[in-house]
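Welcome to a short tour of a protein chain. Keep the sequence and the 3D view side by side as you read.

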Amino acid sequence: MSTVSATAPTATDAPTPAVGPAAATPTGAPVTDLTTFPFPFRDEIYRYSANLEPGGKEVPTAAGAWGREVIVVDAHYEAELAERARILDRDPTRHASSPHMRTAEWDALTHVLGRLAADRPETFRLTRSGHDFHWENDLTGQQLDFTWGDDRSVPGGPLKFLSSQVQEDVALLDQREGSLWLDAGVVTFAADWSMGFDTGMRFQEIHGPVPRVHAERIIARAEQFMMRLEPGEAYRRTNWTLTVDRKLDTSTETYPEWGPDRTAVLDMTGEEAARRVHLRVEVQHIVRLPHSGAVMFLIRSYLEPIHRLAQVPEWRESMARVIAELPEDMADYKGIIGYRHVLTDWL
(Lines give C-alpha, C1' and ligand atoms only; values in the text may rest on other atoms or scores of the structure.)
Protein backbone atom coordinates (compact mmCIF):
# COMPACT_ATOMS: atom_id res chain seq x y z
CA MET A 1 0.00 0.00 0.00
CA SER A 2 1.23 3.48 -0.81
CA THR A 3 2.15 5.68 2.15
CA VAL A 4 0.86 8.82 0.43
CA SER A 5 -2.21 10.34 2.10
CA ALA A 6 -3.93 13.71 2.12
CA THR A 7 -3.48 16.19 4.98
CA ALA A 8 -2.78 19.91 4.74
CA PRO A 9 0.56 20.96 6.32
CA THR A 10 1.87 23.75 8.49
CA ALA A 11 5.07 25.75 8.08
CA THR A 12 8.25 24.35 9.65
CA ASP A 13 10.98 25.93 11.71
CA ALA A 14 14.56 25.85 10.48
CA PRO A 15 17.86 27.73 10.92
CA THR A 16 18.64 30.89 8.96
CA PRO A 17 20.56 30.39 5.70
CA ALA A 18 23.49 32.53 4.65
CA VAL A 19 23.43 34.20 1.25
CA GLY A 20 26.64 34.14 -0.77
CA PRO A 21 28.34 37.34 -1.98
CA ALA A 22 27.14 39.09 -5.10
CA ALA A 23 30.60 39.49 -6.60
CA ALA A 24 31.18 38.22 -10.14
CA THR A 25 33.95 36.64 -12.14
CA PRO A 26 35.25 38.30 -15.33
CA THR A 27 32.74 36.16 -17.26
CA GLY A 28 29.87 37.60 -15.23
CA ALA A 29 29.15 34.44 -13.22
CA PRO A 30 28.65 34.97 -9.47
CA VAL A 31 31.50 33.90 -7.20
CA THR A 32 30.78 31.21 -4.63
CA ASP A 33 31.81 32.02 -1.06
CA LEU A 34 34.43 29.35 -0.36
CA THR A 35 33.89 29.78 3.37
CA THR A 36 30.56 27.96 2.91
CA PHE A 37 31.56 25.58 0.10
CA PRO A 38 30.65 21.95 0.99
CA PHE A 39 34.09 20.45 0.39
CA PRO A 40 33.37 16.70 0.37
CA PHE A 41 36.67 15.06 1.33
CA ARG A 42 37.24 14.37 5.00
CA ASP A 43 39.78 11.55 4.62
CA GLU A 44 42.80 10.85 2.43
CA ILE A 45 40.89 8.26 0.40
CA TYR A 46 37.33 8.15 -0.91
CA ARG A 47 35.02 5.15 -1.05
CA TYR A 48 31.29 4.94 -1.65
CA SER A 49 29.23 4.94 1.52
CA ALA A 50 25.78 6.03 2.61
CA ASN A 51 27.48 8.81 4.68
CA LEU A 52 24.12 9.87 6.09
CA GLU A 53 24.10 12.41 8.90
CA PRO A 54 21.44 14.69 10.39
CA GLY A 55 20.52 17.73 8.31
CA GLY A 56 21.26 21.13 9.83
CA LYS A 57 24.50 19.94 11.42
CA GLU A 58 27.40 22.31 10.76
CA VAL A 59 30.52 20.81 9.18
CA PRO A 60 33.80 22.72 9.69
CA THR A 61 36.20 22.93 6.74
CA ALA A 62 39.66 24.39 6.15
CA ALA A 63 37.97 27.51 4.73
CA GLY A 64 35.01 27.89 7.08
CA ALA A 65 31.92 25.74 7.57
CA TRP A 66 28.77 24.58 5.81
CA GLY A 67 25.65 22.58 6.56
CA ARG A 68 23.62 24.70 8.98
CA GLU A 69 20.89 25.12 6.34
CA VAL A 70 18.77 22.50 4.63
CA ILE A 71 17.88 24.88 1.79
CA VAL A 72 20.58 27.34 0.77
CA VAL A 73 19.84 30.52 -1.16
CA ASP A 74 23.03 32.05 -2.56
CA ALA A 75 24.45 34.31 -5.26
CA HIS A 76 23.56 31.78 -8.00
CA TYR A 77 19.82 31.85 -7.17
CA GLU A 78 18.50 33.84 -10.12
CA ALA A 79 20.87 32.30 -12.67
CA GLU A 80 20.12 28.73 -11.64
CA LEU A 81 16.35 29.24 -11.63
CA ALA A 82 16.62 30.74 -15.11
CA GLU A 83 18.73 27.79 -16.25
CA ARG A 84 16.18 25.33 -14.87
CA ALA A 85 13.34 27.11 -16.68
CA ARG A 86 15.32 26.99 -19.93
CA ILE A 87 15.98 23.26 -19.55
CA LEU A 88 12.36 22.45 -18.74
CA ASP A 89 11.18 24.45 -21.72
CA ARG A 90 13.57 22.51 -23.98
CA ASP A 91 12.98 19.10 -22.37
CA PRO A 92 9.74 18.65 -20.38
CA THR A 93 10.69 15.04 -19.51
CA ARG A 94 12.86 16.40 -16.69
CA HIS A 95 9.55 16.87 -14.86
CA ALA A 96 7.78 13.57 -14.23
CA SER A 97 5.10 12.40 -11.81
CA SER A 98 2.82 9.43 -11.32
CA PRO A 99 -0.83 10.29 -10.57
CA HIS A 100 -0.74 8.77 -7.07
CA MET A 101 2.03 11.24 -6.08
CA ARG A 102 -0.13 14.36 -6.32
CA THR A 103 -0.61 14.59 -2.57
CA ALA A 104 3.12 14.16 -2.03
CA GLU A 105 3.72 17.03 -4.45
CA TRP A 106 1.52 19.30 -2.37
CA ASP A 107 3.21 18.11 0.80
CA ALA A 108 6.63 18.91 -0.71
CA LEU A 109 5.52 22.34 -1.90
CA THR A 110 4.11 23.57 1.39
CA HIS A 111 6.83 21.94 3.48
CA VAL A 112 9.67 23.55 1.51
CA LEU A 113 7.98 26.95 1.16
CA GLY A 114 7.26 26.86 4.88
CA ARG A 115 10.90 26.14 5.62
CA LEU A 116 12.04 28.98 3.35
CA ALA A 117 9.65 31.38 5.08
CA ALA A 118 10.90 30.31 8.50
CA ASP A 119 14.54 30.58 7.40
CA ARG A 120 14.34 34.02 5.78
CA PRO A 121 11.15 35.85 6.72
CA GLU A 122 12.59 39.09 5.35
CA THR A 123 12.65 37.54 1.86
CA PHE A 124 10.08 34.72 1.80
CA ARG A 125 6.63 34.66 3.42
CA LEU A 126 4.00 31.93 3.56
CA THR A 127 0.71 32.52 5.31
CA ARG A 128 -2.17 30.09 5.65
CA SER A 129 -5.91 30.21 6.27
CA GLY A 130 -7.34 26.73 6.27
CA HIS A 131 -6.39 25.17 2.93
CA ASP A 132 -5.65 28.56 1.36
CA PHE A 133 -2.07 29.86 1.22
CA HIS A 134 -0.41 33.12 0.25
CA TRP A 135 3.23 33.03 -0.92
CA GLU A 136 5.62 35.96 -1.41
CA ASN A 137 9.12 35.73 -2.86
CA ASP A 138 10.93 39.05 -2.89
CA LEU A 139 13.85 37.69 -4.94
CA THR A 140 11.60 36.88 -7.91
CA GLY A 141 8.94 39.49 -7.16
CA GLN A 142 6.25 36.79 -7.05
CA GLN A 143 3.07 36.77 -5.03
CA LEU A 144 0.73 33.80 -5.31
CA ASP A 145 -2.52 32.72 -3.71
CA PHE A 146 -3.11 28.98 -3.94
CA THR A 147 -5.31 26.30 -2.44
CA TRP A 148 -4.00 22.98 -1.16
CA GLY A 149 -4.96 20.26 -3.62
CA ASP A 150 -6.05 22.58 -6.44
CA ASP A 151 -3.46 22.05 -9.18
CA ARG A 152 -4.92 24.93 -11.18
CA SER A 153 -3.98 27.39 -8.44
CA VAL A 154 -0.19 27.03 -9.00
CA PRO A 155 1.56 27.52 -12.34
CA GLY A 156 2.51 24.14 -13.78
CA GLY A 157 1.27 22.22 -10.73
CA PRO A 158 2.78 22.03 -7.24
CA LEU A 159 6.03 20.24 -8.05
CA LYS A 160 6.97 22.33 -11.05
CA PHE A 161 6.17 25.52 -9.17
CA LEU A 162 8.32 24.37 -6.26
CA SER A 163 11.22 23.87 -8.67
CA SER A 164 10.91 27.52 -9.69
CA GLN A 165 11.47 28.67 -6.09
CA VAL A 166 14.53 26.69 -4.97
CA GLN A 167 17.92 25.90 -6.49
CA GLU A 168 17.64 22.25 -5.50
CA ASP A 169 16.41 19.50 -7.78
CA VAL A 170 13.48 17.68 -6.16
CA ALA A 171 12.77 13.95 -6.27
CA LEU A 172 9.88 12.22 -4.48
CA LEU A 173 9.97 8.54 -3.54
CA ASP A 174 6.91 6.52 -2.57
CA GLN A 175 7.27 3.68 -0.08
CA ARG A 176 5.42 0.46 -0.87
CA GLU A 177 6.03 -3.26 -1.27
CA GLY A 178 9.03 -3.03 1.03
CA SER A 179 10.87 -0.62 -1.29
CA LEU A 180 11.23 3.02 -2.25
CA TRP A 181 10.13 4.00 -5.76
CA LEU A 182 11.13 7.15 -7.67
CA ASP A 183 7.66 8.25 -8.71
CA ALA A 184 7.92 12.04 -9.10
CA GLY A 185 10.46 14.80 -9.48
CA VAL A 186 11.87 17.81 -11.28
CA VAL A 187 15.55 17.10 -11.96
CA THR A 188 17.27 19.47 -14.38
CA PHE A 189 20.82 19.28 -13.00
CA ALA A 190 21.41 15.52 -13.05
CA ALA A 191 24.98 14.19 -12.99
CA ASP A 192 24.93 11.55 -15.75
CA TRP A 193 21.48 10.11 -15.10
CA SER A 194 17.97 10.69 -16.43
CA MET A 195 14.85 11.61 -14.45
CA GLY A 196 12.65 10.71 -17.39
CA PHE A 197 14.22 7.25 -17.72
CA ASP A 198 14.40 6.45 -14.00
CA THR A 199 10.85 7.47 -13.07
CA GLY A 200 8.96 4.44 -11.79
CA MET A 201 12.08 2.47 -10.83
CA ARG A 202 12.89 1.04 -7.42
CA PHE A 203 15.59 2.87 -5.49
CA GLN A 204 18.01 -0.04 -5.79
CA GLU A 205 17.41 -0.36 -9.54
CA ILE A 206 18.30 3.30 -10.08
CA HIS A 207 21.72 2.70 -8.54
CA GLY A 208 22.35 -0.47 -10.54
CA PRO A 209 25.30 0.92 -12.58
CA VAL A 210 27.23 2.23 -9.55
CA PRO A 211 30.26 0.01 -8.82
CA ARG A 212 30.78 -1.68 -5.45
CA VAL A 213 27.62 -0.38 -3.76
CA HIS A 214 25.57 -3.55 -4.26
CA ALA A 215 28.24 -6.05 -3.30
CA GLU A 216 28.87 -4.03 -0.14
CA ARG A 217 25.09 -3.58 0.45
CA ILE A 218 25.50 0.20 0.73
CA ILE A 219 22.33 0.97 -1.23
CA ALA A 220 20.30 -1.69 0.56
CA ARG A 221 21.32 -0.34 3.98
CA ALA A 222 20.64 3.26 2.90
CA GLU A 223 17.17 2.32 1.67
CA GLN A 224 16.34 0.55 4.92
CA PHE A 225 17.50 3.61 6.86
CA MET A 226 15.35 5.96 4.78
CA MET A 227 12.29 3.77 5.13
CA ARG A 228 12.62 4.09 8.91
CA LEU A 229 12.71 7.90 8.88
CA GLU A 230 10.06 9.54 11.03
CA PRO A 231 7.78 12.27 9.59
CA GLY A 232 9.63 15.57 9.40
CA GLU A 233 13.09 14.06 9.93
CA ALA A 234 15.85 15.33 7.61
CA TYR A 235 19.20 13.68 6.90
CA ARG A 236 21.83 14.46 4.30
CA ARG A 237 24.73 13.00 2.36
CA THR A 238 27.26 14.34 -0.15
CA ASN A 239 28.36 13.03 -3.52
CA TRP A 240 30.95 14.36 -5.96
CA THR A 241 32.37 14.10 -9.45
CA LEU A 242 34.35 16.29 -11.86
CA THR A 243 32.76 18.35 -14.64
CA VAL A 244 34.44 20.33 -17.41
CA ASP A 245 33.28 23.96 -17.25
CA ARG A 246 30.33 25.15 -15.20
CA LYS A 247 27.70 22.82 -16.66
CA LEU A 248 24.91 22.06 -14.22
CA ASP A 249 23.03 19.98 -16.78
CA THR A 250 25.12 16.87 -17.34
CA SER A 251 22.14 14.57 -17.71
CA THR A 252 22.16 11.49 -19.92
CA GLU A 253 20.00 13.34 -22.44
CA THR A 254 22.68 15.98 -23.05
CA TYR A 255 25.69 13.64 -23.16
CA PRO A 256 26.64 14.75 -26.72
CA GLU A 257 27.07 18.28 -25.34
CA TRP A 258 29.40 17.42 -22.45
CA GLY A 259 30.75 13.91 -23.00
CA PRO A 260 33.51 14.93 -25.48
CA ASP A 261 34.87 17.41 -22.93
CA ARG A 262 36.40 14.51 -21.02
CA THR A 263 38.84 13.73 -23.81
CA ALA A 264 39.45 17.43 -24.55
CA VAL A 265 41.14 17.78 -21.15
CA LEU A 266 44.01 15.65 -22.44
CA ASP A 267 44.97 18.45 -24.86
CA MET A 268 45.01 21.09 -22.11
CA THR A 269 47.91 22.32 -20.05
CA GLY A 270 47.66 21.61 -16.34
CA GLU A 271 46.81 25.24 -15.67
CA GLU A 272 44.03 25.31 -18.27
CA ALA A 273 42.63 22.02 -16.99
CA ALA A 274 42.62 23.32 -13.42
CA ARG A 275 40.65 26.37 -14.52
CA ARG A 276 38.13 24.49 -16.65
CA VAL A 277 37.60 21.29 -14.66
CA HIS A 278 35.19 21.83 -11.77
CA LEU A 279 34.66 19.84 -8.62
CA ARG A 280 30.93 19.10 -8.59
CA VAL A 281 29.51 18.47 -5.13
CA GLU A 282 25.94 17.37 -4.50
CA VAL A 283 24.45 17.96 -1.07
CA GLN A 284 21.45 15.64 -0.92
CA HIS A 285 18.92 16.20 1.85
CA ILE A 286 16.53 13.34 2.50
CA VAL A 287 13.30 14.36 4.23
CA ARG A 288 10.35 12.24 5.30
CA LEU A 289 7.45 14.50 4.39
CA PRO A 290 5.23 14.91 7.43
CA HIS A 291 1.78 14.48 5.90
CA SER A 292 2.07 12.26 2.83
CA GLY A 293 4.83 9.97 4.14
CA ALA A 294 6.79 10.29 0.89
CA VAL A 295 10.59 10.55 1.02
CA MET A 296 11.84 13.77 -0.56
CA PHE A 297 15.33 14.23 -1.98
CA LEU A 298 16.51 17.84 -2.26
CA ILE A 299 19.63 17.73 -4.44
CA ARG A 300 21.74 20.87 -4.50
CA SER A 301 24.68 20.94 -6.93
CA TYR A 302 27.74 23.11 -6.35
CA LEU A 303 30.43 23.68 -9.00
CA GLU A 304 33.79 25.28 -8.38
CA PRO A 305 36.96 25.18 -10.56
CA ILE A 306 39.86 23.13 -9.26
CA HIS A 307 42.26 26.09 -9.45
CA ARG A 308 40.08 28.15 -7.11
CA LEU A 309 39.61 25.37 -4.57
CA ALA A 310 43.36 24.78 -4.67
CA GLN A 311 43.85 28.23 -3.14
CA VAL A 312 43.04 26.51 0.16
CA PRO A 313 46.23 24.48 0.82
CA GLU A 314 44.49 21.68 2.75
CA TRP A 315 41.98 21.26 -0.07
CA ARG A 316 44.71 21.20 -2.71
CA GLU A 317 46.49 18.38 -0.91
CA SER A 318 43.27 16.47 -0.25
CA MET A 319 42.07 16.67 -3.87
CA ALA A 320 45.45 15.49 -5.16
CA ARG A 321 45.48 12.45 -2.85
CA VAL A 322 41.83 11.45 -3.37
CA ILE A 323 41.78 11.81 -7.17
CA ALA A 324 45.09 9.98 -7.57
CA GLU A 325 44.16 7.10 -5.22
CA LEU A 326 40.59 6.56 -6.50
CA PRO A 327 40.27 2.91 -7.67
CA GLU A 328 40.00 2.46 -11.42
CA ASP A 329 36.42 1.16 -11.44
CA MET A 330 35.24 4.21 -9.48
CA ALA A 331 37.31 6.62 -11.59
CA ASP A 332 35.90 5.03 -14.73
CA TYR A 333 32.31 5.33 -13.48
CA LYS A 334 32.88 9.00 -12.66
CA GLY A 335 34.31 9.54 -16.15
CA ILE A 336 37.66 10.88 -14.97
CA ILE A 337 39.95 7.89 -15.49
CA GLY A 338 41.32 9.22 -18.78
CA TYR A 339 42.38 12.67 -17.58
CA ARG A 340 42.76 12.61 -13.81
CA HIS A 341 46.56 12.50 -14.10
CA VAL A 342 46.49 15.95 -15.73
CA LEU A 343 44.88 17.35 -12.59
CA THR A 344 46.92 15.43 -10.05
CA ASP A 345 50.16 16.48 -11.75
CA TRP A 346 49.07 20.12 -11.55
CA LEU A 347 47.87 19.81 -7.97
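## Starting at one residue

Glu314 is partly exposed, with a relative accessible area of 47%; buried would mean under 20%, exposed over 50%, and partly exposed lies in between, using a 1.4 Å probe and protein chains only. You will find Glu314 in helix H11, which covers residues 313–325. Pro60 is 254 residues away from Glu314 along the chain, yet 13 Å separates their C-alpha atoms.

This is a predicted model, in which local features need pLDDT of at least 70 and side-chain atom pairs count only at pLDDT 80 or more, while totals for chains, interfaces and linings use all residues. Residues are numbered from 1 along each chain as its sequence is written, and side-chain values use heavy atoms, leaving out hydrogens and water.

## The whole chain

The protein chain has 13 helices and 12 strands, taken as DSSP runs (H or I, at least four residues, for helices; E, at least two, for strands) numbered from the N terminus. Its radius of gyration is 20 Å, close to the 20 Å that the globule rule gives for 347 residues, so the chain is as compact as a globular protein of that length. That radius is taken over C-alpha atoms, and the rule is 2.2 Å times the number of residues to the power 0.38.

Buried residues make up 55% of the 347 residues. Among contacts (heavy atoms within 4.5 Å) with a separation of 6 or more, 71% are between residues 24 or more positions apart.

E4 pairs with strand E9 (residues 179–186) over three bridges, in the antiparallel sense. Look here for Ser97, which stands opposite Ala184 in E9.

## A hairpin to find

Strands E6 (residues 132–137) and E7 (residues 142–147) run antiparallel and are joined by six bridges. Across this pair, Trp135 stands opposite Leu144 in E7. The hairpin has four residues between its strands, and Gly141 takes a positive phi near 75°. Strands of a sheet pair through backbone hydrogen bonds, either parallel or antiparallel.

How values were computed:
Two strands pair if DSSP finds at least two bridges between them.
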